[in-house]
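Here is a short briefing on one protein structure. Look at the model first, then read the points by topic.

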Amino acid sequence: MDYPNDQAPGAPIRSGIPEHGRVPKYYAVKTQVALLIDELGEGGLLPTERDLAVRYEVSRETVRQALRDLLLEGRLRRMGRGTVVAGAKLEQPLSLASYTEGVRRQGRRPGRTLISLDRFPAPEALAAEIGLRRGEPVWHLERVLLADDERVGLESTYVAVERVPRLDTDFEPDSSFYGYLLDRLGIGFGDADERLETVLATPREALLIGTPPALPMLLIHRVSRDSKGRPLERVRSLYRGDRFSFTAHLAGTPRTAAAGSADTAENADDSG
C-alpha cells in the first residue's frame with residue numbers, strides 16, 4: 001500500500017480513497033475543501049456554495065453534502081450567513097479532573113449557565129447508584145457548558161441532599177462543582193466508573209446547546225465515589241461531537257508489562 005510521505009499521524013490511510021479508486025463526487029470535493037481549510041486557517045471565510053461549485057465543476061448539492069460532513073466533523077462552523085474555518089477541538093481528559101480544569105489547560109475560558117436546580121425524591125435506580133434509599137431527597141443540577149461563551153455541552157448532576165444540604169444557597173452555579181465539594185465541604189473524589197457513547201441530542205437538548213438535532217453528540221455517564229469509597233454523584237454529560245475529543249492515558253498491568261518484556265527479548269534473540 002502506498003503511504004503519502006506527508007500523511008499526518010492518525011489520518012485516514014490514503015486519505016480514505018478506496019484501492020479501486022472510485023470516489024464519490026462529494027468526497028472528492030470534501031478533500032479539496034479540506035485543503036482549502038488548511039490554507040485559510042481558523043476564522044477564515046469559506047467561499048460560497050455557488051463559488052465552490054464553479055471551482056470544482058460540480059453541482060451545489062454535491063458541495064452542500066461535502067460541507068455537511070465538514071461541519072459535522074467540526075472543521076467548519078456557521079457564522080451568520082457564511083461559513084468559517086473552526087478552531088481545534090477541545091480535548092477533555094477521561095479522568096476525575098473537572099470540566100473547568102480541562103478547558104483552562106487549553107487556554108480557553110470555562111463557564112456554565114444554570115438551567116435548573118431541583119430537589120426531588122430519588123427513584124429506585126438512581127438511589128441505588130448514589131447510595132440512598134428510594135424516596136430520599138436528591139438534587140438535580142442541570143447546566144449548559146461553555147468555552148469562551150460558546151455553548152459546547154449540557155451536564156446533569158445528581159447528588160444526595162444529605163451530602164450537600166446547602167447546594168441551593170452556598171453554590172455559585174457558574175463555578176466548578178468539584179471545587180465546591182473540596183474547598184467548601186472537604187469532600188475529595190476517590191474513583192469513578194464511566195461509560196462513553198455516541199448519541200443524537202433530543203430536541204430539548206439541541207435547543208439548549210444550540211445545535212441541529214442531527215449533530216452527533218458524545219455522552220458520558222459517570223458514577224463517582226468519594227475518597228472513602230462512598231457513592232457521591234451521578235453525572236450525565238453531553239458534549240458536542242464537532243467541538244470535543246477525549247483523551248486517556250492507559251497504563252499496562254504487571255502481566256502485560258512482563259509479556260512486553262518477553263516479546264522484546266524474543267525479538268532480540270531472533271535478530272541475533
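**Serine 156 and its surroundings**

Serine 156 is in contact with His140, Leu141, Glu142, Arg234, Val235 and Arg236, leaving aside its neighbours within four places in sequence. Contact here means heavy atoms within 4.5 Å. This is a predicted model: local features need pLDDT of at least 70, side-chain atom pairs count only at pLDDT 80 or more, and totals for chains, interfaces and linings use all residues. Residues are numbered from 1 along each chain as its sequence is written, and side-chain values use heavy atoms, with hydrogens and water left out.

- Serine 156 sits in strand E6. Helices (H or I, at least four residues) and strands (E, at least two) are DSSP runs, numbered from the N terminus.
- Serine 156 is buried, with a relative accessible area of 9%. Buried means under 20% relative accessible area, exposed over 50%, and partly exposed in between (1.4 Å probe, protein chains only).
- The side chains of serine 156 and histidine 140 are joined by a polar contact of 3.1 Å. A polar contact is a pair of N or O atoms within 3.5 Å; within protein, one must be able to donate a hydrogen and the other to accept it, and residues adjacent in sequence count only if both atoms are side-chain atoms.

**The loop between E5 and E6**

- Aspartate 148 lies in the loop between E5 and E6. Its phi is positive, near 55°. Aspartate 148 is partly exposed, at 32% relative accessibility.
- Aspartate 149 is found in the loop between E5 and E6. Its phi is positive, near 70°. Aspartate 149 is exposed, with a relative accessible area of 59%.
- Most residues other than glycine have a negative phi.

**Helix H7**

- Phe177, Tyr178, Tyr180 and Leu181 are buried in helix H7 (residues 177-185). They cover an arc of only 165° around the axis, which puts them on the same side of H7. The arc is that of the directions from the helix axis to the C-beta atoms.
- The cover over the buried residues of H7 includes strand E5 (137-147), strand E6 (150-160) and helix H6 (167-170). It also includes strand E7 (189-200), strand E8 (216-226) and strand E9 (231-240).
- At the start of H7, a side-chain oxygen of serine 176 reaches to within 3.3 Å of the backbone nitrogen of tyrosine 178.
- Glycine 186 follows H7, and its phi is positive, near 70°.

**Leucine 218**

- Leucine 218 is placed in strand E8. It is buried, with a relative accessible area of 17%.
- Leaving aside neighbours within four places in sequence, the contacts of leucine 218 include Leu196, Tyr239, Phe244 and Phe246.
- The C-alpha atoms of leucine 218 and aspartate 242 are separated by 9.4 Å. These two residues are 24 residues apart along the chain.

- The axes of helix H1 (residues 25-40) and helix H3 (residues 60-72) come within 8 Å and cross at roughly 60°. That makes H1 oblique to H3. Axes are lines fitted to C-alpha atoms, for helices over the stretch in contact, and angles run from 0 to 180 degrees between N-to-C directions. Angles under 35 degrees count as roughly parallel, over 145 as roughly antiparallel, 65 to 115 as roughly perpendicular and the rest as oblique.
- Among the H1 residues that meet H3 are Val29, Val33 and Ile37.
- Glutamate 49 is in helix H2 (residues 49-56). Glutamate 49 is buried, with a relative accessible area of 17%.
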